[in-house]
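Please read the following briefing alongside the sequence and the structure.

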Amino acid sequence: MKRTTVENIVSASVNAGAEHSPARAAIEQYQFSRLRQTIDHAMTNSPFYQTRMAGTVPADITDHGALSRLPFTSEGDLRRSGQDMLCISQDEVARIITMQSSGTTGPPKRLFFTEDDLERTLDFFHHGMKSLVKGGQKVLILLPGATPDSTGDLLARALARMDVASRIYGLVTDPQLAAKEVFAENFDAIVGFPVQLLALSRTPAGQSVPAGQIKSVLLCSDYIPQTVCDELSAAWQCRVFSHYGTVETGLGGGVECEGLCGCHLREADLLFEVVCPRTGVSLDRGQWGEVVFSTLTRRGMPLIRYRTGDYGRLLAGPCVCGSHITRLDKVRGRIGQVRQLDNGQAVSMDMLDEILLAIPGVLDFQPVLQKENGRDRLIVRLTSIPANSDEVFQLAALRLKGVAQLKDIEVILEANPSGLINKAKRIIEDNRGKNQP
Ligand SMILES: [Zn+2]
């Protein structure tokens with residue numbers, strides 16, 4: 001088995017030489033050295049970090065124990081103090097990514113990147129994609145790519161560096177239309193969000209793709225349902241890789257190797273930890289908690305101990321590919337998106353994904369929680385093939401009825417007759433607090 005190609009970048013940074021697999025100790029020595037430089041840079045140049053980290057002596061941060069005593073940063077800090085977290089002048093900023101989360105009022109979240117920051121993302125995409133494709137092949141990119149330095153654009157440029165052609169289609173709304181168009185061409189690999197790929201594969205055009213033509217698929221999302229991985233690999237006889245990354249990690253964060261057992265993290269640029277979501281206490285490898293990372297090379301807007309809100313765990317020990325680059329297990333969704341119900345149970349998007357996306361014919365769904373006569377009600381709007389398919393609805397109703405967490409909760413299934421899939425972030429919309437006396 002080929003070693004993770006992420007190792008190429010980490011080896012170069014750690015100075016282990018391309019032919020060597022850097023040992024854990026060497027990687028961590030490099031990481032803490034870069035972290036100390038980052039803290040120093042942040043405390044010198046950002047008013048936010050000057051205050052937040054007052055009293056910190058960068059030279060003292062030599063191990064995980066010292067790291068665990070540093071304060072966290074969060075999405076709230078980005079919203080409230082983003083400008084003050086910036087460590088460079090505005091004219092050194094090459095790209096700003098602005099995000100206004102759905103359902104959130106107040107200032108948007110803004111991330112600032114320099115040319116060098118973006119180059120390191122490009123480099124990660126370049127090496128990371130080497131596990132999936134080789135020169136002369138062609139990749140379909142189902143990610144936004146219209147603006148320069150968007151994820152799709154960076155990925156296409158990274159692929160060009162390895163002589164791999166690509167087509168940026170963007171996000172799919174009409175899977176039938178998109179499938180007819182894209183599958184008229186032959187692609188060796190596809191990159192996109194799980195629901196988008198699943199919907200494409202379930203259309204007649206997607207089902208007529210000859211087995212083995214698509215050799216690999218890369219899924220990127222905060223939650224990648226196992227049912228989607230299983231179905232895609234069976235439908236197209238391809239390898240299904242996972243990618244972990246957010247705008248905060250610099251779009252790229254980690255990618256699976258051929259072993260398909262957790263994302264090898266971008267350890268040349270990011271130092272990951274997992275902490276207890278409630279207490280903030282650092283957890284050992286293997287334990288589930290909130291994923292936290294610090295940037296090691298970012299000059300524009302460094303993030304120190306940034307809480308991602310993702311529920312995950314770091315895997316202990318070397319990978320089956322032989323590499324000591326840390327792996328992040330499949331993330332189990334967003335911590336803040338778990339919805340508590342009247343019946344004392346909780347419901348989350350990842351749970352509904354595994355149940356509903358496993359039903360053949362389902363293309364997408366949107367769940368909404370409401371209060372009706374003082375009781376919780378879950379409305380699920382299903383997009384299916386064919387639209388309004390009785391069979392799909394009966395099966396969905398049956399499966400949801402069997403979910404212990406939804407006991408005593410009224411569940412209503414509605415059809416989305418448009419046949420379109422939702423481009424917005426997939427969350428359980430919670431309207432229970434709205435229009436209440
Ligand atoms: Zn591996």
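The donor residues of the zinc ion follow the spacing C-x6-H-x54-C-x1-C in sequence. The model is a predicted one, in which local features need pLDDT of at least 70 and side-chain atom pairs count only at pLDDT 80 or more, while totals for chains, interfaces and linings use all residues. Residues are numbered from 1 along each chain as its sequence is written, and side-chain values use heavy atoms, with hydrogens and water left out.

**Zinc site**

- The zinc ion is coordinated by C257 through SG, H264 through NE2, C319 through SG and C321 through SG, at 2.1 to 2.4 Å; donors are N, O and S atoms within 2.8 Å of the metal (3.2 Å for Na, K and Ca), and because water is not among the atoms, sites may look incomplete.
- The arrangement is tetrahedral because the four donor atoms subtend angles of 105 to 116° around the zinc ion. Four donors count as tetrahedral if all angles lie between 85 and 135 degrees, whereas four count as square planar and six as octahedral if opposite donors are over 155 degrees apart and all others between 65 and 115, and anything else is irregular.
- C257 sits in the loop between strand 8 (254-256) and strand 9 (263-265), and C321 in the loop between strand 13 (314-315) and strand 14 (327-328), so the pair ties together parts that are 64 residues apart in sequence. Helices (H or I, at least four residues) and strands (E, at least two) are DSSP runs, numbered from the N terminus.
- Both C257 and C321 are buried, where buried means under 20% relative accessible area, exposed over 50%, and partly exposed in between (1.4 Å probe, protein chains only).

**Helix 1 and helix 6**

- The axes of helix 1 (residues 6-14) and helix 6 (residues 115-128) come within 7 Å and cross at roughly 130°; axes are lines fitted to C-alpha atoms, for helices over the stretch in contact, and angles run from 0 to 180 degrees between N-to-C directions.
- Helix 1 and helix 6 are therefore oblique to each other, given that angles under 35 degrees count as roughly parallel, over 145 as roughly antiparallel, 65 to 115 as roughly perpendicular and the rest as oblique.
- Helix 1 contributes V6, N8, I9 and S13 to the contact, and helix 6 contributes R120, D123, F124 and H127, contact meaning heavy atoms within 4.5 Å.
- These contact residues divide into three nonpolar, three polar and two charged; Ala, Val, Leu, Ile, Met, Phe, Trp, Tyr, Cys and Pro count as nonpolar, Asp, Glu, Lys and Arg as charged, and the others, Gly among them, as polar.
- T5, in the segment before helix 1, is buried with a relative accessible area of 7%, and T5 touches H127, G128, K130 and S131, not counting residues up to four places away in sequence.

**Helix 9 and helix 11**

- Nine of the nine residues of helix 9 (residues 194-202) are buried, so helix 9 is largely enclosed by the rest of the structure; among them are Q196 and R202.
- In helix 11 (residues 226-236) the buried residues are T227, V228, C229, L232 and W236, and they pack against strand 5 (189-192), helix 9, helix 10 (204-207), strand 6 (216-220), strand 7 and helix 12 (349-356).

**Positive phi values**

- Most residues other than glycine have a negative phi.
- D163, in the loop between helix 7 (151-161) and strand 4 (165-168), has a positive phi near 60° and is exposed, with a relative accessible area of 58%.
- L251, in the loop between strand 7 (239-244) and strand 8, has a positive phi near 75° and is buried, with a relative accessible area of 11%.

**Individual positions**

- T38, in helix 2 (residues 24-45), counts as buried at 4% relative accessibility, and T38 touches T295, L296, T297 and P302, not counting residues up to four places away in sequence.
- Q370, in strand 17 (residues 362-372), is partly exposed, with a relative accessible area of 26%; leaving aside neighbours within four places in sequence, Q370 is in contact with R375, D376, R377, I379, N431 and R432.
- T51, in helix 3 (residues 47-52), is exposed, with a relative accessible area of 62%.
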